[in-house]
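Please work through each task before reading its solution.

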Amino acid sequence: MHHFYAYMARMSLIQRWSLRRNTRAENDAEHSLQVTMIAHCLAVTRNLRYGGNVDVGKVVLMSVYHEAAEVVTGDLAAPIKYFNPGIKAAFKEIEHMASEQLAGYLPEDLREEFQPLLFPDENSEEWKIVKAADKISAYVKCVEELGYGNAEFESAGGTIRAQIEEMGLPEADDFMREFVPSFALPLDALN
């Protein structure tokens with residue numbers, strides 16, 4: 001018996017934004033789905049508009065599993081995780097150990113195929129796209145919460161938007177300009 005997918009199913013139990021009052025709770029499973037859809041769009045945009053050659057399938061799969069370690073560690077709030085370089089490095093090591101634990105829950109003959117998903121090459125163009133999609137998803141959460149009248153997300157939104165701009169990815173800039181404003185609209189305005 002192998003427990004990998006039973007652990008992955010627990011992504012729906014990992015709540016995000018624990019230090020902020022949320023109008024609507026968000027969990028890692030729904031966040032990962034949104035990141036995957038955004039990352040797919042970013043990868044396609046990179047290849048079609050900017051002459052890129054990223055592996056779209058790899059981007060999609062990396063996105064699906066980008067929060068996998070959190071089923072072991074939980075979601076550590078960003079102000080804690082990034083408080084100083086020592087804490088950030090220690091948490092990276094904890095996440096690595098969690099990913100090793102998860103890999104151990106796979107049948108041995110499948111582990112090599114999951115290696116780049118649980119231990120992504122953080123210097124790859126594919127991973128940079130996943131990280132941009134992750135930031136965009138977080139920004140979208142801020143936009144939605146602000147739309148519900150929740151000022152709790154105002155400062156986070158500004159910080160995250162600046163981080164996205166600093167990434168210097170034209171495909172991320174395109175997504176922010178072409179798709180993100182719609183998230184502030186009510187359903188009737190989308191029709």
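Rings of Phe, Tyr and Trp (its six-membered ring) form a pair if their centres lie within 6.5 Å; planes under 30 degrees apart count as stacked, over 60 as edge-to-face and the rest as tilted. The model is predicted: local features need pLDDT of at least 70, side-chain atom pairs count only at pLDDT 80 or more, and totals for chains, interfaces and linings use all residues. Residues are numbered from 1 along each chain as its sequence is written, and side-chain values use heavy atoms, with hydrogens and water left out.

**Exercise 1. Aromatic pairs**

Determine how many aromatic pairs there are, and classify the pair of Phe4 and Tyr65.

Solution. The ring criterion gives seven aromatic pairs. For Phe4 and Tyr65, the ring centres are 6.1 Å apart and the planes lie at 40 degrees, so this pair is tilted. The pair joins distant parts of the chain, 61 residues apart: Phe4 belongs to helix 1 (residues 4-9), and Tyr65 to the loop between helix 3 (56-64) and helix 4. Helices here are DSSP runs (H or I, at least four residues), numbered from the N terminus. Both Phe4 and Tyr65 are buried, that is, under 20% relative accessible area with a 1.4 Å probe, protein chains only. Through ring pairs, Phe4, Tyr5, Tyr65 and Phe114 form a cluster.

**Exercise 2. The nonpolar core**

Identify which residues touch the most other members of the largest nonpolar core, a core being a set of buried Ala, Val, Leu, Ile, Met, Phe, Trp, Tyr and Cys residues joined through side-chain atoms within 4.5 Å.

Solution. This core has 44 residues, and those touching the most other members are Phe4, Met8, Leu42, Leu118, Ile136, Ile160 and Val180. Helix 8 (125-147) is among the helices that each supply at least two residues; helix 8 gives the most, with 11 residues. Leaving aside neighbours within four places in sequence, Leu42 is in contact (heavy atoms within 4.5 Å) with residues including Ile129, Ala132, Ala133 and Ile136.

**Exercise 3. Cysteines and a buried glutamate**

Solution. A disulfide requires two cysteine sulfur atoms within 2.5 Å. The whole structure contains zero disulfides. Cys142 counts as buried because its relative accessibility is 0%. Beyond its neighbours within four places in sequence, Glu70 contacts Ile14, Asp28, Asp75 and Lys81.

How values were computed
Buried means under 20% relative accessible area, exposed over 50%, partly exposed in between (1.4 Å probe, protein chains only).
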